[in-house]
Amino acid sequence: MADETLGRSATREAWDLLPLYALDALDDLERRQVDRLLADDADARRALDEYRETVGAFVVDTEPPAELRAATLAAIGGATSDDGANPYAAVDPSTGDRPGHAADVAAGPEGSNVVSMAAARERRKRSWRLAAVAAVAVVAVGVPTGIAVDSRQTQVRLEAQATRVADMLADPDARLVTSTVAGGGEASALVSGGDVLFTASGLPEAADDEDYQLWIVAEAGITSAGLLDTSDAVSQALVEGADGEVVAMTLEPEGGSDQPTSDPIVALET
Amino acid sequence: MSGLRQTGPVPHVRTSDPNAVDAALAACAGGDSDAFGPVYDALSPSVFGAALAVLRDRDHAAEVTQEVMVEMWQTAERFDATRASARTWAVTLTRRRAIDRVRSEQARRARDQKDLDASAVGRERDVVAEEVDSAFERAAVRDCLDTLTETQRESVVRAYYGERTYREVAEDLGAALPTVKSRIRDGLSRLRDCLGVNHG
């Protein structure tokens, strides 16, 4: 019973906090106190469900922007079923390879005395290919879309590149490629005039000894596009000259790596 | 790029029957992406409305709406129709994300004093805030709010808009912490009873 694990007064206190929990009005410490109660007590869970339904009665349903529907269906991969078009057209269906995919270039001859390394490399190669395939949850839309790109924040954060970025955002021919990030969050690439504006939101916080690193995956090989500053809720980076390549992101040891040492968590085919 | 495809407008089909939404969510849990369209159509207005109330910015609310709808697709198997309606589940997920976003933005501002566009944001926020406030007249809870005392109503409504923890609400109102806590608790309990919400 909850009373045994929490103590009687702590239990009563947690019960008192349930309405505030339902309103997301608690700080982390109190929330954990309520979480312990909820784990133990079905009555508390039922009371919380009632409070949540009550909070739901405050919500006034409001139609979201119309273009969000197609973008969201594309993000889950469901847009393919609407018209049967194959969004993976650039990918050879037999191998999952895109023409000139860097993983092929990176893979050298494999001797029998390096079986484990070759196997590891093969695994890596395969997962980079998979990422390139999975990344093609693609929407082509006019910009500004207001979906994944916040021009206001861009101008604040990328002051030095503000003019370039502003030009990209104003470019009616700009394209937007979006994908979810393995492990959480969303990423998008705004492609305009040869450059790519990479935006990520909802990324889990990297461990203390890790950084998010961006890569340009080109025919000639994989090159670092720098570390992604994730101190804000929405992270952005201008990746110059990346148009037509794959922009990928990995978690790397703190400070970054010369070449990726882990599998990509997102890969956007621009 | 040959890999890109123009996505055209898709006709909206509204699914208002809660059981149909539950069934569509169950199909989503089974990986049926065709079932997601009806889920999106039924729930995205609640998600967008809930996000807008907290964020008061249509672009941010649209981003959160997309995040939540993708999260519902990915975690559809966790939805438990015996505990809550699909709408309540959607609103719960939305408020968590929207409030996280507001609080991390507040933390960023506290870190970063040079908030170049604070005034512009403020103006946009005011306009959307007016729209949110006038829309609130149509909320299902509206009539029941009259059953609350004025102080209960003020505390609950501030907490609903989500910018503040109840500690901060207490600071804003110049009231003692336990006082605000009990106002919100008693207020939300009264609303629950007035609305006839009873899972017992």
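This briefing describes selected features of chains A and B, from overall content to individual residues. The structure is a predicted model. Chain A holds 10 helices and 8 strands, and 43% of its 270 residues are buried. Of the contacts in chain A with a separation of 6 or more, 60% are made by residues 24 or more positions apart.

**First sheet of chain A**

- In general, strands of a sheet are paired through backbone hydrogen bonds, in either a parallel or an antiparallel manner.
- Strand β3 of chain A, residues 195-201, pairs with β6(A) over 6 bridges in the antiparallel sense.
- Within this pairing, Leu197(A) is placed opposite Leu238(A) of β6(A), and Phe198(A) is placed opposite Ala237(A) of β6(A).
- As a general rule, side chains in a regular strand alternate between the two faces of the sheet.

- Another open sheet of chain A is built from 4 strands in the order β5-β4-β7-β8, with antiparallel pairing.
- The edge positions in chain A are taken by β5, residues 221-227, and β8, residues 266-269, and each of these pairs on one side only.
- Neighbouring strands of this sheet are turned against each other by 30° on average, direction ignored.
- Strand β7 of chain A, residues 246-253, runs antiparallel to β8(A) and is joined to it by 4 bridges.
- Val246(A) is located opposite Glu269(A), a residue of β8(A).

**Surroundings of Thr223(A)**

- Thr223(A) belongs to strand β5 of chain A.
- Thr223(A) has 16 C-beta neighbours inside 10 Å and therefore counts as partly exposed.
- Leaving aside residues up to four places away in sequence, Thr223(A) touches Trp215(A) and Ile216(A).
- Thr223(A) and Asp258(A) are separated by 35 residues in sequence, while their C-alpha atoms are 7.7 Å apart in space.

**Bent helix in chain B**

- Helix α2 of chain B, residues 36-55, bends by about 45° at Leu43(B), and the proline Pro45(B) follows within four residues.
- This helix, α2(B), is mostly covered, with 19 of its 20 residues buried.
- Arg56(B), which has a positive phi near 55°, follows α2(B).

**Residues with positive phi**

- Arg56(B) is a residue other than glycine with a positive phi, near 55°.
- Arg56(B) lies in the loop between α2 and α3 of chain B, the latter spanning residues 58-74.
- With 24 other C-beta atoms within 10 Å, Arg56(B) is buried, because the cut-off for burial is 20 or more.
- Asp24(A) also has a phi near 55°, a positive value in a residue other than glycine.
- In chain A, Asp24(A) sits in the loop that lies between α2, residues 8-22, and α3, residues 28-40.
- Asp24(A) is likewise buried, with 21 other C-beta atoms within 10 Å.

**Helix packing in chain B**

- Helix α7 of chain B, residues 150-161, packs against helix α9 of chain B, residues 177-195, at an angle of about 90°, and the axes are 8 Å apart.
- The angle therefore makes α7(B) roughly perpendicular to α9(B).
- The α7(B) side of the contact consists of Thr151(B), Gln152(B), Arg153(B), Ser155(B), Val156(B) and Ala159(B).
- These residues meet Val180(B), Arg183(B), Ile184(B), Asp186(B), Gly187(B) and Leu188(B) of α9(B).
- By class, the residues in the contact of α7(B) with α9(B) comprise 5 nonpolar, 4 polar and 3 charged.

How values were computed. Residues are numbered from 1 along each chain as its sequence is written. Chains are lettered from A and ligands numbered from 1 in the order in which they are written. This is a predicted model: local features need pLDDT of at least 70, side-chain atom pairs count only at pLDDT 80 or more; totals for chains, interfaces and linings use all residues. Helices (H or I, at least four residues) and strands (E, at least two) are DSSP runs, numbered from the N terminus. A residue is buried if 20 or more other C-beta atoms lie within 10 Å of its own, exposed if 12 or fewer, and partly exposed in between; C-beta atoms are placed from the backbone. Two residues are in contact if their C-beta atoms, placed from the backbone, lie within 7 Å. Two strands pair if DSSP finds at least two bridges between them. Axes are lines fitted to C-alpha atoms, for helices over the stretch in contact, and angles run from 0 to 180 degrees between N-to-C directions. The bend at a residue is the angle between axes fitted to the seven residues ending there and the seven starting there. Angles under 35 degrees count as roughly parallel, over 145 as roughly antiparallel, 65 to 115 as roughly perpendicular and the rest as oblique. Ala, Val, Leu, Ile, Met, Phe, Trp, Tyr, Cys and Pro count as nonpolar, Asp, Glu, Lys and Arg as charged, and the others, Gly among them, as polar.
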